[in-house]
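Open the model in your viewer and keep the selection tool at hand. This tour moves stop by stop, telling you what to pick and what is there.

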Amino acid sequence: MSISRRNFLKGSVAGIGCLGLVPVAGMRFAGWAEAGKQPSGVLNYVASSCAICTNKCVFRGQVVDGVIRRLEPEPEFTKARGMMCARGNAGAATPYDPDRVKYPLIRTGKRGEGKWKKATWDEAYAYIAEKTNKVVAEEGGHRSCIGFVSSEGTYHEHYWNQFREIFGSPNSLRHPTLCLSSNIRGNMSVFGTYPWADVKNSPYIILAGADRAESFFTPDTMDMFGDPRKTIICLDPRFTRTAAKATRWYPIKPGTDMAFALAMMHVIIGENRYDKEFVSNHCVGFDELAQHVRQYTPRWAEQETEIPAAEIEKIARDFASTPGAVYYPGRRSGWQGEDVQMRRAVAMVNAICGSFDRPGGLIPNASIPLRNYFYEPAWYDLTRPRLEADDVTFLNPRDGSWIAWRERALRADPYAIRGLFIYKQNVVDSVPDRSKTLELFDKLDIIVSIDTYMSDTAWHADVVLPESNYLERFDPPYSLAGIVPYVVIRQPLIKPLYDTKPGFDIIKGLAGYFADEDGDFLNEYFEGDVESHASNFMADYPGGLEMLKEKGFFTDGRKAEIGAYRSGKSAINTPSGKVEFYSEDFAGRGLDPLPTYKPVEEIPENRFRFLVGRHAIHTHSMTAAFPELNWHMPENSVWINTRSAKKLGIKSGDTVQMKNRTGGEVKIKARVTEAIRPDCVFYAHGYGSLSKAKRLVHGKGAAQAAILESHFESISGNALMHETIVEIRRV
Amino acid sequence: MAGAKNKHWAMVIDSAKCIDCKACDVACKRENGIEANGRREVYRNWITSKGVEGTYPNLKQRFEPSQCHHCANTPCYKVCPTSATYKNDDGLIMMDYKRCIVCSTCIAACPYDARYVSKQKKAIDKCTFCAHRIYTGKLPACVDTCPTKVRVFGDLNDPESEVSKILASRHYFVIKPEAGTKPNLYYLT
Ligand code: SF4
Ligand code: SF4
Ligand code: SF4
């Protein structure tokens with residue numbers, strides 16, 4: 001194994017006479033010179049937590065002469081096992097990104113044209129309020145016509161929710177239905193909770209749809225791959241980094257995971273290998289399940305999944321006989337057809353083997369409760385139900401169902417949406433079928449984006465309100481659930497470099513331009529400041545806030561108590577109070593009470609199923625333009641299997657055109673590889689950006705949202721990300 | 001910063017744990033203020049892989065992290081005409097950037113391809129084992145940042161150090177032993 005950079009030598013040596021720094025990344029050391037100070041070189045540390053993905057890893061931020069140098073992992077923060085991933089490291093450059101939004105902007109050109117005027121905060125708020133109040137008046141005063149979008153990760157999101165409530169709109173939209181809503185719902189119906197796997201103590205893990213080597217989840221990623229003794233069975237249509245590290249990899253046919261799980265249960269129950277003690281003491285509906293899975297033989301499942309029957313049998317037997325074995329609840333498998341039912345089947349494999357509330361198994365999370373954030377409610381007579389209220393069986397009113405909601409909004413059914421207030425979520429890139437999102441934007445009178453940088457969503461907004469970067473902000477304590485829970489915080493490493501504000505200030509500021517029905521301004525509903533809220537959150541833990549400020553995290557030593565549900569100390573939160581196989585609740589709602597397999601749509605000849613997936617250096621659409629990450633992947637390319645590519649005459653590096661069935665079309669370079677099923681294609685998220693202020697990825701490669709068709713399932717409202725079928729040709 | 005004579009720094013690498021996540025590369029660049037500015041040859045540590053091997057569906061892929069081996073028998077040091085490459089008392093191979101004339105002889109001499117031309121420094125650059133950190137009791141950046149703790153760093157002169165213990169109990173190899181460099185990067189089998 002060797003690589004050589006010596007072939008770079010010639011050019012480098014020849015070029016050495018004309019040295020010059022390209023300014024982009026050089027920015028971060030510019031602070032010293034500008035300040036006109038002599039650098040002291042003294043290294044200071046500030047404890048805080050990462051904002052580049054959902055894990056919120058705690059770090060010790062190195063600050064030298066007022067400039068951030070590096071974010072070092074906090075070794076005592078055991079949730080991350082003392083690590084900082086590539087993305088977290090690269091986050092250190094974000095405050096110095098020359099393309100970040102530096103002051104409030106009001107659009108002057110057409111939407112998406114990139115023409116702006118610099119505004120003061122008051123001008124920006126007044127502009128928003130004028131447009132918004134006008135459309136609300138036009139709608140007869142009902143405020144439901146403004147949609148509120150937000151995303152987790154900023155610890156200010158509760159203020160946003162407060163603003164939406166006191167403003168008087170029920171239309172709240174968040175990220176979960178583009179991710180894990182179906183997984184949560186499936187597990188809730190079986191266990192009454194969404195448990196996490198005790199990876200650390202599990203010797204045998206079935207990983208389906210969780211590319212944990214590239215989709216980091218703390219501490220699972222660390223525990224899974226830091227211990228090469230574990231048996232990892234990886235089911236994935238793509239040969240991921242996880243597949244590379246797994247004991248065995250099976251390129252399962254997408255959408256057939258339920259067949260695999262049902263056949264496992266067929267074997268485990270048929271051969272009497274299930275955990276009789278657990279099933280009889282803690283579960284209901286087992287007889288119906290046993291009867292139900294008799295039809296699902298491994299031989300049948302082989303036809304569906306393309307995994308040999310003998311392998312399914314072996315995995316089933318090994319799983320049942322290995323104490324602590326767990327079928328990991330991955331999110332990305334499925335996202336097709338009966339997605340919630342598939343999740344239930346996986347949960348049931350764990351349940352029949354007693355892999356719940358025992359070491360190595362699925363464990364209901366613990367959390368460190370913080371004092372509630374209280375505020376006065378506002379009441380409006382005219383508020384209507386949210387748009388898609390009738391489209392989804394279990395609709396979470398905070399999360400909504402993105403695709404169902406957007407369909408309704410496009411049809412103004414049952415009422416028109418006139419504006420979107422968007423806090424952080426990059427909806428243009430994250431909701432499948434970008435053209436529909438932009439079509440909706442075209443119908444709106446006002447689009448506000450609060451963001452730290454010019455995402456594709458901010459790029460299409462009317463007003464961009466720049467939030468201070470996470471390294472410039474104080475964020476209130478945030479409780480992280482887990483088998484070992486923590487509370488984390490954010491503290492500024494540096495002062496804001498530009499005219500930006502933290503989320504709370506922006507939200508309160510904007511609220512001050514709106515009034516309730518009594519004419520009271522909405523900012524009056526916001527009491528105190530972030531510091532005082534932080535103290536109040538932690539009021540039950542003397543010394544807690546001090547620990548947060550010193551270390552970036554707080555723990556009172558608590559952990560999920562394994563065995564508490566078995567002993568009866570904790571109650572299982574299902575209607576029956578037991579782990580449920582046959583669900584009366586589902587039956588009562590007209591849903592299959594047991595997971596019943598429905599075959600997946602066959603992919604026509606020369607068509608491909610488009611897969612989504614992660615890459616260890618990227619978080620969704622956020623990071624592709626971070627210079628230190630982009631260095632590793634300047635452009636994305638579409639993975640296409642060698643044999644399929646040959647048939648189509650496609651070679652690596654060729655530009656190909658991909659079309660879906662609903663008018664979506666992209667051009668992208670091909671990457672011909674053995675590492676994907678011949679009937680699937682894949683490319684990474686975050687490229688092909690429309691925003692010209694994401695210079696490194698604007699027009700480079702293709703965006704996932706441009707090719708994904710929009711489909712959703714109606715039990716949880718989750719997007720079906722793997723229901724996109726594309727054709728490809730060389731151009 | 002000459003290092004203590006009684007130290008013998010070494011790194012033990014368990015490639016089986018590496019998930020090719022690139023945290024070590026980014027952490028190193030941050031810690032050492034290295035600006036690649038898009039230039040592909042700029043890195044102090046790296047992950048070697050032959051890519052995906054085999055034919056679908058029988059595939060494998062391996063990852064092998066590497067960096068300067070801080071060779072005890074040191075080809076780069078021997079060829080340097082200006083003593084820009086020098087040795088600390090503890091055996092670390094260091095660069096005096098001011099003395100470097102970028103003749104690049106050391107690049108050719110290094111069997112591990114550990115060196116590159118730094119436009120930023122106007123000199124040749126390479127991994128220092130984060131000497132500035134280890135002399136203040138901290139770990140090199142590539143070690144502390146790694147999610148799966150592929151690299152273990154320590155003093156081979158201390159029999160109680162983790163590196164000594166691992167090497168006493170596990171099988172290991174070094175890369176290119178035939179080059180006679182006596183490297184201080186040890187790979188577990
Ligand atoms: S996993 Fe990486 S990006 Fe996510 S919070 Fe941790 S360091 Fe940040
Ligand atoms: S940080 Fe660790 S796991 Fe990631 S690429 Fe480097 S050595 Fe491998
Ligand atoms: S690895 Fe290369 S650069 Fe490092 S000491 Fe050895 S010869 Fe010199």
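Select B:Ala16. Its relative accessibility is 44%, so B:Ala16 counts as partly exposed. This is a predicted model. The residue sits in the loop of chain B that runs between β1 (9-13) and α1 (23-31). Which residues is B:Ala16 in contact with, once neighbours within four places in sequence are left aside? They are A:Pro228 and A:Lys245.

**Ligand 2**

Stay with chain B and select ligand 2. It is surrounded by 14 residues. The closest are B:Cys18, B:Cys21, B:Lys22, B:Cys24 and B:Cys146. By type, the shell splits into ten nonpolar residues, one polar and three charged.

**Ligand 1**

Move to ligand 1. Around it you will find A:Cys50, A:Ile52, A:Cys53, A:Asn55, A:Lys56, A:Cys57, A:Met83, A:Met84, A:Cys85, A:Arg87 and A:Gly88. This shell is made up of seven nonpolar, two polar and two charged residues.

Pick A:Asn55 out of that shell. Look for it in the loop between β1 (43-49) and β2 (58-64) of chain A. Is A:Asn55 buried or exposed? With a relative accessible area of 3%, A:Asn55 is buried. Beyond residues up to four places away in sequence, A:Asn55 touches A:Lys79, A:Phe216, A:Phe217, A:Thr218 and A:Leu480.

Two of those contacts, A:Lys79 and A:Phe217, deserve a look together. A:Lys79 lies over the face of A:Phe217, 5.8 Å from the ring centre.

**Aromatic rings**

Show the aromatic side chains next. The count is 46 aromatic pairs over all chains. Start with A:Phe163 and A:Phe514. Their ring centres are 6.3 Å apart and their planes stand at 50 degrees, so the pair is tilted. A:Phe163 belongs to helix α6 (residues 157-167) of chain A, and A:Phe514 to the loop between α20 (503-511) and α21 (530-537), so the pair ties together parts 351 residues apart in sequence. A:Phe163 is buried at 0% relative accessibility. A:Phe514 is buried too, at 1%.

For another geometry, select A:Tyr373 and A:Phe537. The centres are 6.5 Å apart and the planes at 90 degrees, so this pair is edge-to-face. A:Tyr373 is in the loop between β14 (362-363) and α16 (402-411), while A:Phe537 is in helix α21, so the pair links parts of chain A that are 164 residues apart in sequence. Both A:Tyr373 and A:Phe537 are buried.

One aromatic cluster is formed by A:Phe148, A:Trp160, A:Phe163, A:Phe167, A:Phe421, A:Tyr423 and A:Phe514.

**A:Glu467**

From the cluster member A:Tyr423, step across to its contact A:Glu467. A:Glu467 is in the loop between β17 (463-466) and β18 (475-480) of chain A. Its relative accessible area is 3%, so A:Glu467 counts as buried. Leaving out neighbours within four places in sequence, its contacts include A:Arg100, A:Asp451, A:Arg473 and A:Lys501.

**Helix α13**

Select residues 298-305 of chain A, helix α13. Which of its residues are buried? They are A:Pro298, A:Ala301, A:Glu304 and A:Thr305. They cover an arc of only 110 degrees around the axis, which puts them on the same side of α13(A). On the other side of α13(A), A:Arg299 and A:Gln303 are exposed. The buried residues of α13(A) pack against α10 (257-270) and α14 (309-321) of chain A. Just after α13(A), check A:Glu306: it takes a positive phi of about 65 degrees.

**A:Arg609**

Last stop: A:Arg609, in strand β22 (residues 607-611) of chain A. Its relative accessible area is 1%, so A:Arg609 is buried. Show its contacts, again without residues up to four places away in sequence; among them are A:Glu601, A:Asp679, A:His722 and A:Glu723. Finally, draw a distance to A:Leu387. The two C-alpha atoms are separated by 31 Å, and the residues are 222 apart along the chain.

Technical notes. Residues are numbered from 1 along each chain as its sequence is written. Chains are lettered from A and ligands numbered from 1 in the order in which they are written. This is a predicted model: local features need pLDDT of at least 70, side-chain atom pairs count only at pLDDT 80 or more; totals for chains, interfaces and linings use all residues. Side-chain values use heavy atoms; hydrogens and water are left out. Helices (H or I, at least four residues) and strands (E, at least two) are DSSP runs, numbered from the N terminus. Buried means under 20% relative accessible area, exposed over 50%, partly exposed in between (1.4 Å probe, protein chains only). Contact means heavy atoms within 4.5 Å. Rings of Phe, Tyr and Trp (its six-membered ring) pair if their centres lie within 6.5 Å; planes under 30 degrees apart count as stacked, over 60 as edge-to-face and the rest as tilted. A charge sits over a ring if NZ of Lys or CZ of Arg is within 6 Å of the ring centre and within 35 degrees of the ring normal. A residue is near a molecule or strand if one of its heavy atoms lies within 4 Å of it. Ala, Val, Leu, Ile, Met, Phe, Trp, Tyr, Cys and Pro count as nonpolar, Asp, Glu, Lys and Arg as charged, and the others, Gly among them, as polar. The arc is that of the directions from the helix axis to the C-beta atoms.
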